[in-house]
Amino acid sequence: MIYVIAHLKTHPGKGAEVVSDAAPLIAGTRKEAGCIFYDLYQKPGEPDALVFVEQWKSREALEAHFAEPHIIAFQKATAELVADGRIEVVHSDKVEVL
């Protein structure tokens with residue numbers, strides 16, 4: 001089992017738009033076989049700072065997620081809205097930063 005913490009910083013004033021664009025991504029991801037949970041949060045007082053918190057059955061399930069049409073569509077829709085991002089994959093023995 002692994003955890004993923006994906007930090008996104010949007011361009012000023014674009015946080016709400018990214019949250020809206022994430023609705024189909026979240027719905028699709030929650031149906032994936034390897035997904036245990038998948039949630040999106042906006043930081044209080046910082047509406048352009050977003051954090052996805054995820055739990056997956058395995059690293060392989062996460063890799064399969066990256067190829068799903070709903071994540072590809074989200075990345076394409078938000079490419080001009082997101083200023084910066086970082087993904088941390090937390091294993092029982094290490095943390096990967098993508």
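Tyr-38 and Trp-56 are both buried, a term that denotes under 20% relative accessible area, with exposed denoting over 50% and partly exposed the range in between (1.4 Å probe, protein chains only). The model is predicted, so that local features need pLDDT of at least 70 and side-chain atom pairs count only at pLDDT 80 or more, while totals for chains, interfaces and linings use all residues. Residues are numbered from 1 along each chain as its sequence is written, and side-chain values use heavy atoms, with hydrogens and water left out.

Phe-52 and Phe-74 make an edge-to-face aromatic pair, with 5.9 Å from centre to centre and 85 degrees between the planes; rings of Phe, Tyr and Trp (its six-membered ring) pair if their centres lie within 6.5 Å, and planes under 30 degrees apart count as stacked, over 60 as edge-to-face and the rest as tilted. This pair links distant parts of the chain, as Phe-52 lies in strand 3 and Phe-74 in helix 3 (residues 69-78), 22 residues apart. Phe-52 is buried at a relative accessible area of 4%, and Phe-74 counts as buried at 8%. Together, Tyr-38, Phe-52, Trp-56 and Phe-74 form one aromatic cluster.

The protein chain comprises three helices and five strands, arranged along the sequence in the pattern β-α-β-β-α-α-β-β; helices (H or I, at least four residues) and strands (E, at least two) are DSSP runs, numbered from the N terminus. Of the 98 residues of the protein chain, 39% count as buried. The C-alpha trace spans about 35 × 25 × 20 Å along its principal axes.
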